[in-house]
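Q: I would like to learn how to read the features of a structure one at a time, with the general idea before the particular case. Could we begin once the structure is in view?

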Amino acid sequence: IVLLLTMLIPMTQSLQAPYSKLPVRIVVPRTPKDFQQISSLLVKVFDEPGGETWIEKAGWWLVEQFVTEGEIRDQYWNTAKQMKGNKYTVLLAKVNSKVVGMAELGVSQHIGIQQQEHSQNDFSQDDGITTSATTINTLDGSNGVLVGATIGVLAILPEFQNQGIGNILLQKCEALAVSDAWNQDVLFAEVEPQNLNALDFFQRKGYTQEGRMVPVTVRRKRVYEERPHLLLYKNLTRTDLH
């Protein structure tokens with residue numbers, strides 16, 4: 001997936017019931033501590049040791065965890081600087097000063113896996129000359145490339161899950177997508193097929209499977225690999241979000 005990262009918008013907002021009983025603030029990361037907490041959150045959510053041997057777990061806790069957190073921190077820090085002023089942002093959910101959840105939002109091109117393979121075949125047969133795919137802004141059944149605001153990451157610390165924080169972050173993403181600055185009428189989400197909890201969450205919030213699988217590069221510990229994801233979408237209107 002190629003993110004067309006184009007507006008980091010500063011925002012601070014407190015949202016409580018009916019979304020959460022906790023005093024949750026939605027902010028963008030500003031300090032080194034914020035970026036360190038982002039990396040710690042992502043490692044805890046996605047990289048906690050599972051079925052590894054005790055030797056592998058010891059190696060993780062003693063070395064790999066800290067190296068991984070440092071790489072993630074630097075990645076988000078550098079991206080924030082490079083994409084300032086563009087349609088890209090990271091939203092943090094804070095309880096007091098602790099980051100308990102985050103969402104990453106940008107503008108992405110979505111090319112289905114079969115379409116991608118077809119494009120690659122066309123490239124090899126045409127001596128390097130290709131025709132760019134059609135870009136569409138709405139879902140009209142076309143086989144073209146879908147372009148739109150996309151939630152790439154939505155993560156909540158395990159001990160803060162099921163307390164409405166995901167609802168708050170999703171609501172903020174939707175409001176930002178339809179704002180004058182972003183001017184999007186569809187919001188996409190990329191979800192791994194086996195992540196049933198995430199699929200259920202988005203579907204309960206009005207998201208529909210678009211019908212294609214899209215390749216997404218994911219990180220597990222320090223390994224990056226491309227995995228097929230379901231593409232979900234929701235048509236947005238400003239009236240619905242007020």
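Q: Are Asp-34 and Lys-94 buried or exposed?

A: Before the answer, a word on the source: this is a predicted model, in which local features need pLDDT of at least 70 and side-chain atom pairs count only at pLDDT 80 or more, while totals for chains, interfaces and linings use all residues. Residues are numbered from 1 along each chain as its sequence is written, and side-chain values use heavy atoms, with hydrogens and water left out. A residue is called buried under 20% relative accessible area, exposed over 50%, and partly exposed in between, with a 1.4 Å probe and protein chains only. By that criterion both Asp-34 and Lys-94 are buried.

Q: What forms between Asp-34 and Lys-94, and where do the two residues lie?

A: Side chains of opposite charge can pair when their charged atoms come close. The term salt bridge applies to a side-chain nitrogen of Lys or Arg within 4 Å of a carboxyl oxygen of Asp or Glu. Asp-34 forms such a salt bridge with Lys-94, with 2.7 Å between the closest N and O atoms. The pair links distant parts of the chain, for Asp-34 is in helix H1 and Lys-94 in strand E3, 60 residues apart. Helices (H or I, at least four residues) and strands (E, at least two) are DSSP runs, numbered from the N terminus.

Q: How many salt bridges does a search of the whole structure find?

A: The search finds seven. One of them joins the side chains of Glu-174 and Lys-234 at 3.3 Å, N to O, and this pair also links distant parts of the chain, with Glu-174 in helix H4 and Lys-234 in strand E9 (residues 223-235), 60 residues apart. Glu-174 counts as buried, at 5% relative accessibility. Another salt bridge brings together the side chains of Glu-192 and Arg-227 (3.2 Å, N to O). Glu-192 lies in the loop between strand E7 (186-191) and helix H5 (196-204), whereas Arg-227 is in strand E9, so the pair ties together parts that are 35 residues apart in sequence. Glu-192 counts as buried at 11% relative accessibility, while Arg-227 is partly exposed, with a relative accessible area of 22%.

Q: Why is H4 described as largely enclosed by the rest of the structure?

A: Ten of the 13 residues of H4 are buried, and therefore the helix is largely enclosed by the rest of the structure. The buried residues include Ile-168, Leu-169, Lys-172 and Glu-174.

Q: What does pairing between strands look like, taking E3 and E4 as the case?

A: Two strands pair if DSSP finds at least two bridges between them. Strand E3 (residues 88-95) and E4 pair in the antiparallel sense over eight bridges, with Leu-92 standing opposite Met-102 in E4. E3 and E4 form a hairpin with two residues between them, and Asn-96 in the turn has a positive phi of about 60°. E4 also pairs with strand E6 (residues 145-156), again in the antiparallel sense, over ten bridges, and here Val-107 stands opposite Ala-149 in E6.

Q: How many aromatic pairs does the structure hold?

A: Rings of Phe, Tyr and Trp (its six-membered ring) pair if their centres lie within 6.5 Å; planes under 30 degrees apart count as stacked, over 60 as edge-to-face and the rest as tilted. The structure holds three aromatic pairs. In one of them, the rings of Phe-201 and Phe-202 have centres 5.4 Å apart and planes at 75°, so the pair is edge-to-face.
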